[in-house]
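Please study the sequence and the model before reading the solutions.

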Amino acid sequence: MSSANHTPPVVLLLSGPNLNLLGEREPDIYGRATLEDHVAVARRAADEHGFVLEHRQSNFEGELVEAVQAARNHAAAVVINAGALTHYSWALHDALAAFDGVVVEIHLSNPAAREPFRHTSVIAPVADGVIAGFGGLGYGLAIEAVARKMSESR
Ligand code: DQA
């Protein structure tokens with residue numbers, strides 16, 4: 001962002017259920033890095049683009065819905081790994097549909113290559129795009145995608 005008169009855009013990174021257990025949880029699938037490690041990657045990428053990264057993790061659907069609602073008129077973008085809520089939370093779908101900024105869905109694993117219940121995302125239809133299957137690398141890619149998308153719409 002070029003103008004010194006504007007406050008830096010906020011990117012809200014949202015982490016859903018069980019992502020607080022990353023590092024210990026099914027490391028064969030999700031790796032050994034912790035959520036804090038992934039947030040640090042996202043924060044570094046956000047810094048490089050002049051964004052302010054805010055992060056929130058919750059195991060509760062309603063808290064995530066409220067976080068998306070609070071992002072209205074506050075954040076320029078939402079990057080969301082909704083965990084298992086990805087596959088069935090129409091409440092998160094609706095909250096994101098009411099958010100005007102850029103939305104990037106992210107997953108460490110590639111849900112399309114896993115059990116059938118993971119093949120549906122109810123978030124994807126209200127996201128600008130999805131990054132999945134690249135592990136922690138995806139967090140940096142997601143911020144890069146936000147930057148590209150925002151520069152397109154300027
Ligand atoms: C996940 C994939 C989801 O299917 C799963 O429920 C998760 C993590 C991922 O990052 O790969 O909790 O979102």
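In strand 2, the bridge partner of Val10 is Val52. The model is predicted: local features need pLDDT of at least 70, side-chain atom pairs count only at pLDDT 80 or more, and totals for chains, interfaces and linings use all residues. Residues are numbered from 1 along each chain as its sequence is written, and side-chain values use heavy atoms, with hydrogens and water left out.

**Exercise 1.** Determine the order of the strands in the sheet.

Step 1. Strands (E, at least two residues) and helices (H or I, at least four) are DSSP runs numbered from the N terminus; two strands pair if DSSP finds at least two bridges between them.

Step 2. Strand 1 (residues 10-15) pairs with strand 2 in the parallel sense over six bridges.

Step 3. The five strands form an open sheet with parallel pairing, in the order 2-1-3-4-5. Strand 2 (52-57) and strand 5 (129-132) are the edge strands, each pairing on one side only.

**Exercise 2.** Describe how helix 3 and helix 4 meet.

Step 1. Axes are lines fitted to C-alpha atoms, for helices over the stretch in contact, and angles run from 0 to 180 degrees between N-to-C directions. The axes of helix 3 (residues 61-71) and helix 4 (residues 90-97) come within 9 Å and cross at roughly 5 degrees.

Step 2. Helix 3 is therefore roughly parallel to helix 4, a term for angles under 35 degrees.

Step 3. Contact means heavy atoms within 4.5 Å. Helix 3 contributes Glu61, Leu64, Val65 and Val68, and helix 4 contributes Ala91, Leu92, Ala95 and Leu96.

Key
Parallel < 35°, antiparallel > 145°, perpendicular 65-115°, else oblique.
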